[in-house]
Amino acid sequence: MAKILAVASQKGGVGKTTTALNLGFSMRHLGSKVLIIDGDPQGGMAIASNLKRRTELGLVDVMKGECGPEDIVMLTKDKAIAIAGVGRMDPEKVVFLENEARQGQLTTLIHTLAQGFDYTIIDTPAGVGGIVNALLRASDGVLLMVQARSLSLKTLPHFLKLVNWIKKNGHPSLTLEGVVLTMVHPNSVLEMKIREEMKSFIPERLFIKTVIPFNELFEQASIRAVPVVMLRNGLKAYRPYINLAMELKEREYEKEDTSDEDGPGLF
């Protein structure tokens, strides 16, 4: 079943764009047809993928009636995945996008773009503003990116409240797919302490087992505007994202419970 997944965070600089890009490629490597949508007015995905080499059109241009949805969905040169940008943004367009988001037009456009894909992964802006609200309303699930830092510990409840508020106000099927710890330093005692404190208000089942370690290769990949696996020595850094994709799929299978109780065999 097709799924729209928002990669979100209450604060910036936690690896949302990196995750959206590398998770998208991982899902593709597992056989799914994937679209990545840049929902952030700052256009991080366009930078991370060098999308502007193909087009500078995006969500805002469709909503202004200057092009059609089909004009902003671009296949990568290896045909692996499709990416749709947010468009070239100036202050006037940011205000326009926020207004369209409040009126529900952004949510409608996301649903249109997602047709025909197994997974649509949205790179959302940081925070809990109107655009984030609209993108979450367009999504089936939320993947929450968190660093084990004191600021994350203090601000995380605000985002969880937003997810619950959206569920209670018009989108009851929205699910928190899980909390992903990013930029993890495995030997940091302080990070381990903060992770334990997070578990005091987030159920253990909501934590994704796969963590994304800190790795300078992600910055190199960003400079090259490619997923980290496309670096010559990037396979080890990429492996956590393959594991993340597999873990998300396993969770989906557990929810679907496709076991056959009627009898043996496939026929």
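Biologist: What volume does the largest pocket have?

Modeller: The largest pocket has a volume of about 650 Å³, and among the 32 residues that line it, those closest to its centre are G15, K16, T17, T18 and M183. This is a predicted model, in which local features need pLDDT of at least 70 and side-chain atom pairs count only at pLDDT 80 or more, while totals for chains, interfaces and linings use all residues. Residues are numbered from 1 along each chain as its sequence is written, and side-chain values use heavy atoms, with hydrogens and water left out.

Biologist: What makes a space a pocket rather than a cavity, and what does a volume stand for?

Modeller: On a 1 Å grid over the protein atoms alone, a cavity is a set of points where a 1.4 Å probe fits but cannot get out, whereas a pocket is an open set with protein on both sides within 12 Å along at least five of seven lines, and a lining residue has an atom within 4 Å of a point. Grid points are joined across faces, edges and corners, and the volume is the space filled by probe spheres set on the points.

Biologist: Which helix gives the largest share of the lining of the largest pocket, and what classes do the lining residues fall into?

Modeller: Helix 1 gives the largest share, 6 residues, and helix 1 (16-29), helix 2 (44-49) and helix 9 each supply at least two; helices (H or I, at least four residues) and strands (E, at least two) are DSSP runs numbered from the N terminus. The lining divides into 15 nonpolar, 12 polar and 5 charged residues, where Ala, Val, Leu, Ile, Met, Phe, Trp, Tyr, Cys and Pro count as nonpolar, Asp, Glu, Lys and Arg as charged, and the others, Gly among them, as polar.

Biologist: Why is the pair of F218 and Y241 called edge-to-face?

Modeller: Rings of Phe, Tyr and Trp (its six-membered ring) pair if their centres lie within 6.5 Å, and planes under 30 degrees apart count as stacked, over 60 as edge-to-face and the rest as tilted. F218 and Y241 are 5.9 Å apart, centre to centre, with 85° between the planes, so by that rule they form an edge-to-face pair. F218 lies in helix 9 (residues 217-224) and Y241 in helix 10 (residues 235-256), so the pair ties together parts that are 23 residues apart in sequence.

Biologist: How do you know whether F218 is buried or exposed?

Modeller: Buried means under 20% relative accessible area, exposed over 50%, and partly exposed in between (1.4 Å probe, protein chains only). F218, at 13%, is therefore buried, and Y241, at 2%, is buried as well.

Biologist: What makes N50 partly exposed, and what makes K79 exposed?

Modeller: N50 has 31% relative accessibility and counts as partly exposed, whereas K79, at 56%, counts as exposed. N50 sits in the loop between helix 2 and helix 3 (59-63), with phi near 60°, a positive value in a residue other than glycine. K79 lies in the loop between strand 3 and strand 4 (82-84), and its phi is near 65°, again positive in a residue other than glycine.

Biologist: Why is K64 said to lie over the face of F96?

Modeller: A charge sits over a ring if NZ of Lys or CZ of Arg is within 6 Å of the ring centre and within 35 degrees of the ring normal. K64 lies over the face of F96 at 4.6 Å from the ring centre, and K199 lies over the face of F207 at 5.9 Å.
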